[in-house]
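The dialogue takes up selected features in turn.

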Amino acid sequence: MSERKTDQAFWRRPAIADETEAHQIEDVRQQHLLLDPRYPLDSDRDVLDPMYRSSKRYWFFFALFAGLVLMMFTTWTVQMWLGLGITGLKRPTMWALYIVNFVYFIGIGHAGTFISAALRVLKVEWRRPISRAAELVTVFGLMTAALFPLIHLGRTWKFYWLIPYPNERQLWPSFHSPLLWDLTAITTYLSCSILFAYISLLPDLAMARDHTSGWRHILYSVLALGWRGTEREWSNHETALNIFSYAIIPVMFSVHTIVSWDFAMAIQPGWHSTIFGPYFVVGALFSGAGAVIIALTIIRKAMRLQYFLRTEHLEGMAKLMLLLSFAWDYFYFNDVLVPWYGQAPVEKSLFALFASGRVAPLFYLMIFANAIVPVTLVFKRVRTSIVGLFIVSLFIQIGMYIERFLIVPVGLGQNEIPFAWGVYVPYLPESLISIGAFGLVIFLFFLISRFFPLIPSWEVYEGQVLQGLRRIGRAILPTRAEPD
Amino acid sequence: MRATMKSFRVRLIAFGIFVVVILLLAGGVFVVQAQAQATPQQPVPFPHVNMVQSGIPCLFCHADAIRSPTAGIPSVEKCMGCHKFIATNTPAIQKVADYYQRGQPIPWVRVNRLPRFVYFSHQVHVVAGALNCERCHGDVGRMTEFQPVARMTMGWCLNCHNAQPEADRLKDCVVCHR
Amino acid sequence: MTRGITRREFIRIGVVGAAAAVLTGCLPPRAWVVLEPYVRPPEEQLAGVATWYASTCRQCPAGCGIVVRIMNGRALKIEGNPEHPLNRGKLCARGQAGVQLLYHPDRLSGPAQQTQRGTRQFKSLSWNDALNLLYSKLQAAGSATAVWGDSTMSGHLADIFARYTKAISAPAPIFFDLYTLFNGYSVLSKTNQQLFGSSALPIYDLAHADVVFSFGADFLSAALSQTRYGVEYGAFRSQPLGKRGFLVQLEPRMTITGAKADRWHAIKPGAEGLIAQAIASIIADQKLGSVERQTRAQTVAARVDVNSVAAASGLSVDDLTNLARIFAAADHPIAIPGAALNGQNNVAQAASAVQALNIIAGNIAQPGGMGMSASAPAGLIKPTPSSFADAQALVEQMRAGRIQALLVHGANPAFDLPDKIGFADAVKNVPFVVSFAPIVDETARYADLILPDRTYLESWGYDVVAPSFGQPIVSGQQPVVTPVFDARATADVMLTVARGIPAAARALPYADEVAFLKETVAALGSGAAGGAGADVLWARFQQHGGWWQSTIPAATPLQSKITAPITVSSTQFQGDEKEYPYFLHLFLSDLLSDGRGAKLPWLQGSPDPMTTIAWQTWVEMHPETAQKLGITSAQVEVGFQRGTLISDVVQVTSPFGAIEAPVYAHPGIRPDTIAIPIGQGHTDDGRYARDRGANALRLVGAQADATGSSLLWAGVRVKIARTGRQISLATFEFTPGVTRGFINAAFPGQ
Amino acid sequence: MAKTPHREWAMIIDLDKCTGCGACVVACHAENNVPIQTEQEIARGRGIHWIHIERYWEGAFPRVKANFLPLLCQQCERAPCEPVCPVYASVRSDRENLNLQVYNRCVGTRYCQNNDPYKVRFFNWFEPVFDEPLNQQLNPDVTVRSAGVMEKCTFCVQRIRRAEERALAENRALRDGEVIPACVQTCPPSALVFGDLADPNSAVAKLAGDRRKFKLLEHLGTEPAIVYLKGGESNVRA
């Protein structure tokens, strides 16, 4: 009865034996996307249609975020013209909001790979519809993050001296500097992420090519690299993605470890900590998972992708976030406990500042947002509520941003020479640039949503093909076929 | 057939962009080079060749080169020291005499320029290094119009300094940048 | 103008290449650099190689020798003249900043006529017209001409002014400025005249002393001879055989000298004299120290009730006894009267009481003791700082309309005198006022004609060094660069004008100032430089930067002329104690001194040593006082405004006036005392000084002490009120009340 | 060419002698073209003084004491600012055994200041301003730093280089005391002494053995070339 015949297409709904079974199957289907297949053209239409559907509201937000981006680049130009003095930077807080943004955006760039690659390697099936959005969060997060070291430079126009290239001066960049490790790690990670996202995009591009005409057809023809969907192509594609998935995970871990070394390698009290590597990675995944949830909820609503993005996906992300929140708590506790035990004077003064000084409100907000708010995710009601999840994720973004702020400018404010202590307050230019950076990430999403499918439909089909429902006794159970 | 045409067009566009970029880069390099190697117009035409052929050594006029970091431009008085008597009727010399009488310095235009953060000492190179002027300034003795022969860039300096016995010390940043 | 300068006129037309190269730094060169070679090369000048010219610093009256680094015709750096016996190659911050006076962007180029006073509407004049105008006015004024100079005036100019006024039987020029007033030059002269019969300035041989009692003397800052005392202090701390001098500082507010003291006592303002007297009295009563000291103490010291002195001074009886013990037991103790006692109405007695301690110690004219400045060599002039009474008298004459022409050189009476004296009113009755200021200052605003003088780096001159530490020194001054602006030496201006006034022409028959100077210098005879002949002497005078004896002559023994014991009455304060609860303590800023430094950005922008404040005037009060008054300030409570340290602006009101300034909580000041630095509050004097901070002299009345030597600037009471405004303090420190306790691990204890 | 001798430039700072008068601060501005910052910039903590005097309070009124600590680049043997610079702008000079800042190579990451425990590096937030004709005073031997680069005390390396070039041209060795930085030259109480530690007869070599010596933040192991002498004890019993 519910036996699927091999020649039967996977989207065909099986014949229903009785009403109970019908209810059971309907229930399972509503919950699980992969068990709820439908005619592929319907799905393709759902994926492609939003590219054409540009409502007034879309253009309003498009203009808004384009404006933010314009504001960011204008401010940057003014800053280059007049000098970094227009920002609130000062002695001793030589690094401040720009570096906070850098670490933050690198951080949210971690979730994409984690969801897409790590969950793929671990064969977590629910990741399938959300992997594209996650990868794009990674790519856009990294692109924005990579801007900040440049914005932050005193002489941006000399940035190419950081790149090793043979020159008549016979000078190379210094590989002693963690900044250069950073540059290496980030460029590697960015190129890997772009390639990874692109490879997984290929079948969808081919799909789009086949459904479009005009300039879009040409664009997709070029980008699809002549994908035709032969057995060999699929097999190569699978292999490529597998290799990438395995290879990119250590890169991902290394990138934020190396970013943490920018701080941990310095002798600045409060930075000079051996736990920063794993602590930063966990923090990055934490904020990244939150960022992906925010992206998903918005995409789901705005692009009417309720069929693809279901509660099961958000709940899966929520569980992941809860786990990461506990991990973050653990590392933060460690990061505080060890210096506190050492009673080094500068670090002691830093903790006093956190506990009761001028940054105490920020500190307590961070603890609340990062350690207390995510605990609500133990309740299924919160995990399955889209609004609830959105709010929790937003809190996590705020909390993690504050965490970086407390490490970078506040940490720099207290040092070994009490005469040179200082308080950093962001001025208008860096605030505008920071707001613009958030705008840039969203703007890139807006832009890309007009050109590329945000749901990897091929991955969904693949999952749906492999999944089936099997009746064992009275129970209806999902089953999964392994490809060879 | 259509497919091939299309892909050909795509390739053509890509190639076109590539060629334009390369041309722009080459043009930029050429302009910079040309600017650096240009021979500036001097207020009074000064043929070094005449002086050198008359047997005047470089250090007669640029005497500071052995005593100071700067080689020095000779004073108008020094010019007039000889040209009160020699070739007094040429227009160029009359121009020099005019400057002298008005008590105005001749606004010579710098030919070999260094960036402002580079500190070069003629004294060390000429005295301790025992280099002759032609090594860097070219065969000035044959020039009717003084022109730069080398772009005096860091790489150009290093060309010699790499070959020195104490190359590492001579390549220390502080030797030239402070 | 002068023949001597012709050679240097060509220095400025230098090889511009190297110098222009520094102007835009790391930017890529944008254009061809135009090279300007010399027309005629000066001797001993190589392009790109610096030459050094010896001259004399004129930033304060001390007269340190300097050498100026010249490259391609530009003055780049001033350093101390290593040969000069006064400062021995060292120089203070103000001396270093002299080049900024030379290249000050607001210097006047050419004479200027102000059609209506105070409007700053200047009409440019040619030097010829200006000299004619000056000549006609001076001729008309005749003997009703007054000259107001300052203590840094070159000796030859003071000489010319003196001869000029004498020839036309005008009153003698006065040399009055805030610097000498605050440091009590006139007080010290008078005291020394009474005690020792010599009106020279005292000198203190710290290098050989083992105990120094400083009664508020901030000798390491803007006082007497800062650089020399700095040198002396270095020697004081590291004497042969590992000996190290012991410094006791008695003052209401910690100065940098107080910070360096081994013992610092926060005494009540005006109690310096009482303490000195009590120490002497204790030595006599308790028979401390050697028998000679005891006997001397018995003749010199009036007996006082130690308990009442203790109450009046804020010291305990134990402290006083202890101090007396230390003083009496020392081998070479010195007592130094400080600036703070000069503004009190018991100044004469107090200064005598402190000097009397030196008599008790028996250190007069001894190594490690007090001595007298050598007198000027015959024929040379040192402008003697006038007493406050002289200045007041001149102002009164002006008010009475008895002055027809006023020549102001170097001094800035409109800024230096408290408003109550009414210089501004008095000067209205003077029909013709000439200022020789190179930069329009407050006084120049009242002038009808400004004839900008050259700054000291472009001028000829000499200075008889005082205080001179054992040997007569004449410091030479010569132009080290061609004048940067179209300014003329005032000496030449006066000589030119004098030619037309018959009486003056007879007194001043000189072609120019160089001729006059050469004659003066020739009279010196051979000094350290040796050699014979006027020309050789003149050349060496320029080369070495002056004239001095190669051997230090033996100190002339001084006899104490004290017959009766010195009694010190307690000081009287102006202002009701109830209404004005705080003592006002004014002090000269370490960097800006009496306000002369305010026009130089290096001095404005460098942090004050004690507070690290730059560019501002501040009101120092004890953190407790600030807390009591509910004042937010750097040290009490940190407020933040866009990442800066903010502080409440308070209004300080005395019976005579009020000023507003932000508060700096100073842990080293008595809770009943408010201290304010002098130096800011200029309404003119160049772009860096103008409209910046407040002039604390507004708080001072016009009263002089009994002897007329000093203005009563210290015995004033004030009250404090919050204005409700707050401003960002321009401090270099940021942490509130930085204490060393925090980083003891890093800095091993001292 | 004669082999350049090994040098260990070092400075002794006798805290007992330092009066905090600020002469060194202004001398440094004059020698090194250090721009003066406006009131507003100083209030924001952006004052630039390659050498500056830090004043630390100790104790409470009336037994309060102020200690002056002249602070300048410590020219560390193991400078923490050097390895973090990605472009070798903060770099060791093997020749002079100094810690250099190569202004024209600096891109302005400001990492060196973060990693500098002494906080003696300064950043040019704006293009420096020298009102005409104050710019005529600028020392042609020292580059004027543009906006966006770090700067710091160089031990007046231009003076060292000038003296070395002169000695090279005259074919002789440098003499002790021939090179002194501007701050040392002007210091009235001679609290600062400069010289070559490698020369056992130099003034610094003799003072560096003083029992009062200590180095700043010694626990960090930066091995500074500046030796401080702490305040001395008095032989007066009080």
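**Reading a predicted model**

Q: In β12(C), which residue does Gln249(C) stand opposite?

A: Gln249(C) stands opposite Trp264(C) in β12(C). Strands (E, at least two residues) and helices (H or I, at least four) are DSSP runs, numbered from the N terminus. This is a predicted model, in which local features need pLDDT of at least 70 and side-chain atom pairs count only at pLDDT 80 or more, while totals for chains, interfaces and linings use all residues. Residues are numbered from 1 along each chain as its sequence is written, chains are lettered from A and ligands numbered from 1 in the order in which they are written, and side-chain values use heavy atoms, with hydrogens and water left out.

Q: Which residues have the most contacts inside the largest nonpolar core?

A: In soluble globular proteins, nonpolar side chains tend to be buried together. A nonpolar core is a set of buried Ala, Val, Leu, Ile, Met, Phe, Trp, Tyr and Cys residues joined through side-chain atoms within 4.5 Å; buried means under 20% relative accessible area, exposed over 50%, and partly exposed in between (1.4 Å probe, protein chains only). The largest core has 408 residues, and among those with the most contacts inside it are Trp95(A), Phe213(C) and Ile676(C). A second, separate core of 35 residues includes Met153(C) and Phe436(C).

Q: Where does the cis peptide bond between Ala466(C) and Pro467(C) have its omega?

A: For the cis bond joining Ala466(C) and Pro467(C), omega is about -5 degrees. Pro467(C) lies in the loop between β18 (461-464) and β19 (473-477) of chain C.

Q: Is Leu225(A) buried or exposed?

A: Leu225(A) counts as exposed, because its relative accessibility is 59%. This residue has a positive phi of about 55 degrees although it is not a glycine, and its place is the loop between α7 (214-223) and α8 (231-264) of chain A.

How values were computed:
Pairing = 2+ DSSP bridges.
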